[in-house]
Amino acid sequence: MKWIWVFIFCFFSLPTMAERVHALAMHGLPKYTAEFTHFDYVNPDAPKGGVLRQASFGAFDTFNPFSVKGTAAPGIGLLFDTLMVESLDEPFSEYGLIAEKIELAPDRSWVAFDLNPLARFSDGQPVTPADVIFTFNTLREKGVPQYRYYFGDVLRVRQEGTQRVVFEFKEKGNRELPLILGQMPVLSQKDWEGKDFTATTLVPPIGTGPYRVKAFEAGRYVLYERRLDYWGKDLPVNKGQYNFDQIRYDIYRDTTVALEAFKAGAYDIRLENEAKKWATAYDFDAVKKGHVILREWHHGLPSGMQGFVMNTRRPLFADKRVREALGLAFDFDWSNKNLFYGMYQRTTSYFDNSSMAAKGLPVGEEKKLLEKLGAPNEILTKEIIFPVVQDSNIRPQLMQALDLLKEAGWTVQKGRLMNDKGEEFRFEILLDSSGAPAWERIVLPYVRNLKKLGMNVQVRVMDVLQYKNRLDHFDFDMFVMVWGQSLSPGNEQRYFWGSASADQPGSYNFAGIKDPLVDALIEEVIGADTREELETAVRALDRVLLHGFYVVPHWFSSVSRFAYWDKFGMPESEPIKGISPMTWWIK
């Protein structure tokens, strides 16, 4: 699974008859026929060579990205091929990689993958059905929690013949499950024998992908080299990609230091997520002389949700009125004007920048669905409206917040917000050290507003590894989280919001959501037979999540901002899912 720059989920529909196919598409036929030679968004004649240098933040202590323990090395996905691979210029299509052909049962009760007989691990050993079965069982039993959720509907897996693996499902009709299996990386059973899969390791694993680890120093850098013996280099899905002889990641612990390193030419490309830096920090000689290019790429992806996440496992945040009050204290308009140079829009949906975002009151099929599932009347009749703060006067919102807090049993006594048990409203906002300088300037104005409500709020900065461990075990009050969303949401929503994931360490249900209505809507999303049904179910899910006030939403942008040294050639076509530097080459 290659998660270098683009990490998204794509989904598809099944053919009406069981047949061996090269690709699967959500609606209709895949864009590329079985005879295609390369994707349209690559240059099939791109030259090979050179080094791509990138930056990463924090640290790493393992080359196993599939276990809960540790922080994986950046770029480690370059070592692993998957059964299928997505195209970046279609909403929901995937094509065979390790799987040469795919066959689906007419009733969607199983999927079979015919392995490419040329597929090899980096040690020269062939990829076998036994490796696929080992990978599936190991990831489901010992991998990060998402695999247990994604693979949970598989009844059994078996080998059929010498090159074929069949996955049988517990139920019929899960349109997404075959693709989830198609996205599974294949591990070497021989390589992992006798090893603790759950432990951290700095021994590079044997993979099937286009790169291998050449050199590294934990906490400082990792260097990958292109495999000249890569088995899949001439496949249509890989043609024109993975053009760099080496890819290096240097580790930085401070974003300001990393920016200065980029200016000095220490690495080649930088995704800029800070509006202030984009507006003010790129006025240097290399930019003026054209040696560094600044560019904004528009994409067609949902924005997802970024915001201050409240841990509802804590009694302090168990009351929805309290969570709503905390949201009212965030002044996006002041932040956008004074900190972000007006570059962002306020997030008002978990699926902004798409047709799946809930707007207005529910009508039509969405309303019918919510009524069928027994949604409270409030969800049917009340629209969530995010207030606009006029002239930096947030007082009306704070007064509204105080009313909500009073209803929930909290009152201001001698300047402190207290309940009837004499307990103070006190909590901590957690930040990781790598991003703290940028986030403190955003968090501290929010804290000032919370203190006007009488709350005792502290900001704590932690080392990246400790920070991750705290989050994995839900040991936090509030922190900043980003949930990415795809053009076709599905099973991952269980992992984000499902009740079963709320108490599973390492899951992404950081808010601790346990809501039967949310669970039911997730199943509606997963089971949607048409695009129309999918969008209806997602809008309904979005609406219910918004009514839960689990997150104080932040902001989003429909563009990605990059700065890069002028050393790259790039394909002319820009796919809807965003750019991929793996299609670039050294000029």
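The following legends describe several close-up views of a predicted model. Residues carry numbers counted from 1 along each chain as its sequence is written. Because the model is predicted, local features need pLDDT of at least 70 and side-chain atom pairs count only at pLDDT 80 or more, while totals for chains, interfaces and linings use all residues; side-chain values use heavy atoms, with hydrogens and water left out.

View 1. N116 is located in the loop that runs between β6 (110-115) and α1 (129-142). Strands (E, at least two residues) and helices (H or I, at least four residues) are DSSP runs, numbered from the N terminus. The relative accessible area of N116 is 6%, so N116 is buried. Buried stands for under 20% relative accessible area, exposed for over 50%, and partly exposed for values in between (1.4 Å probe, protein chains only). When neighbours within four places in sequence are left aside, N116 is in contact with L97, I98, E100, Q163, W231 and L235; contact means heavy atoms within 4.5 Å.

**View 2. The salt bridge between R164 and D114.** A salt bridge is a side-chain nitrogen of Lys or Arg within 4 Å of a carboxyl oxygen of Asp or Glu. Side chains of opposite charge can pair when their charged atoms come close. In the salt bridge of R164 with D114, the closest N and O atoms are 2.9 Å apart. R164 lies in strand β8 (residues 164-169) and D114 in strand β6, so the pair ties together parts that are 50 residues apart in sequence. R164 and D114 are both buried. The structure holds 48 salt bridges.

**View 3. The salt bridge between D463 and R253.** The side chains of D463 and R253 form a salt bridge, with an N to O distance of 3.8 Å. This pair links distant parts of the chain, 210 residues apart: D463 is in the loop between β19 (456-462) and α14 (464-472), and R253 is in the loop between β11 (246-252) and α5 (255-263). D463 is partly exposed, at 31% relative accessibility, and R253 is also partly exposed, with a relative accessible area of 45%.

**View 4. The salt bridge between K288 and D283.** The side chains of K288 and D283 meet in a salt bridge of 3.7 Å, N to O. Both K288 and D283 are exposed.

**View 5. Aromatic pairs.** The whole structure contains 55 aromatic pairs. Rings of Phe, Tyr and Trp (its six-membered ring) pair if their centres lie within 6.5 Å; planes under 30 degrees apart count as stacked, over 60 as edge-to-face and the rest as tilted. The ring centres of F113 and F167 are 6.0 Å apart and the planes stand at 75°, so this pair is edge-to-face. F113 belongs to strand β6 and F167 to strand β8, so the pair ties together parts that are 54 residues apart in sequence. Both F113 and F167 are buried. The rings of F476 and F479 also form an edge-to-face pair, because their centres are 4.9 Å apart and their planes are at 75°. F476 is buried, at 0% relative accessibility, and F479 is buried, at 1%.

**View 6. The buried residues of helix α1.** Among the buried residues of α1 are P129, V132, F134 and L139. The buried residues of this helix pack against β6, α2 (145-150), β7 (154-160), β8, α3 (177-182) and α4 (189-192).
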